[in-house]
Amino acid sequence: MVAYRPGFFVALLLLWGAAGCSDKPSHNEAPHDTAKLVKNLPSGRFQLPTKHTPAPDFWIELPPGYQVKFVGRLPSDEFYIFRSDDPTLTDSNATSPGFLRIYMGTVAQTGLGKNTQFTETGAQLMSYRTRWREWKESAEGEKKFYVAEIAAQDFFQSTFPDLKKTPLFLHIYIGGTDTTQVAALMAAAATLATTP
């Protein structure tokens, strides 16, 4: 199981900023077969097209100001969701107020450190019952970095009969210093669906 720390995600956000990430929200920035992309989605609804895994495409409803960046590489599909005004895009010393990472791949993942204290809350993704794990970490100054994750090892096998024997994991990771943004992104993650 791979464990990621908040600095890893912030470094990726900085990399996007240095690469000239668009300030305009996009319904999909993934290099993907455009014949499969759904056009004219309602405002705030985004397609998460899978390219490297047998997982179906997903759709998600996001709060205003957020955009999606596809960063998947073989053998995984990976999406980062963040606000275009996230300070980490331009300031390497800043901490993100809130971002969401959705990973679908062959390696189980977690953001939890070995001795991290966390709480659990029931959650549901489509028909799949799961749990949010939530904890706090230290951030710059006296700020706290709030984290919530779903590490679903059997989501695909339980939800999609044709993937029953496929070793595929789902990891949803939300982090940030703003509890309002973290809560809004947790609510957004609950809107994941396989239909537009």
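Which side chains are joined by a polar contact of 2.8 Å that involves Arg 101? In this predicted model, the side chain of Arg 101 is joined in that way to the side chain of Glu 78, a polar contact being a pair of N or O atoms within 3.5 Å, of which, within protein, one must be able to donate a hydrogen and the other to accept it, while residues adjacent in sequence count only if both atoms are side-chain atoms. The model is a prediction in which local features need pLDDT of at least 70 and side-chain atom pairs count only at pLDDT 80 or more, whereas totals for chains, interfaces and linings use all residues. Residues are numbered from 1 along each chain as its sequence is written, and side-chain values use heavy atoms, with hydrogens and water left out.

The confidence of the prediction is expressed as pLDDT, which the predictor assigns to each residue on a scale from 0 to 100. The chain has a mean pLDDT of 83, and 82% of its residues reach 70 or more. Over residues 1–5 the pLDDT stays under 50, and the model has 20 contacts beyond four places in sequence for this stretch, where contact means heavy atoms within 4.5 Å. The pLDDT also stays under 50 over residues 10–35, for which 53 contacts beyond four places in sequence are found.

Arg 101 belongs to strand 6 (residues 99–105); strands (E, at least two residues) and helices (H or I, at least four residues) are DSSP runs, numbered from the N terminus. With a relative accessible area of 0%, Arg 101 is buried, a term that means under 20% relative accessible area, as against over 50% for exposed and in between for partly exposed (1.4 Å probe, protein chains only). Besides its contact with Glu 78, the side chain of Arg 101 makes a polar contact of 3.0 Å with the side chain of His 171. Arg 101 and Ile 174 are 73 residues apart along the chain, and their C-alpha atoms are separated by 6.4 Å.

When neighbours within four places in sequence are left aside, the residues in contact with Asp 77 include His 52, Phe 70, Gly 72 and Tyr 103.

The structure holds nine aromatic pairs, that is, rings of Phe, Tyr and Trp (its six-membered ring) whose centres lie within 6.5 Å, with planes under 30 degrees apart counted as stacked, over 60 as edge-to-face and the rest as tilted. The pair of Phe 58 and Phe 155 is tilted, because the ring centres are 6.3 Å apart and the planes stand at 40°. This pair links distant parts of the chain, since Phe 58 lies in strand 3 (residues 58–61) and Phe 155 in helix 2 (residues 155–159), 97 residues apart. Phe 58 also pairs with Phe 156 in an edge-to-face arrangement, with 6.3 Å from centre to centre and 70° between the planes. Phe 58 is buried at 3% relative accessible area, Phe 155 is buried at 2%, and Phe 156 is buried at 0%.

Arg 83 lies over the face of Tyr 66, at 5.7 Å from the ring centre, and the charged end of Arg 133 sits over the ring of Phe 118, 5.9 Å from its centre.

In helix 3 (residues 179–189), the buried residues are Gln 181, Val 182, Leu 185, Met 186, Ala 188 and Ala 189. These residues lie on the same side of helix 3, because they cover an arc of only 160° around the axis, the arc being that of the directions from the helix axis to the C-beta atoms. The N-terminal end of helix 3 is capped by Asp 178, of which a side-chain oxygen lies 2.8 Å from the backbone nitrogen of Thr 180.

Note on methods:
Lys NZ or Arg CZ within 6 Å of the ring centre and 35° of its normal.
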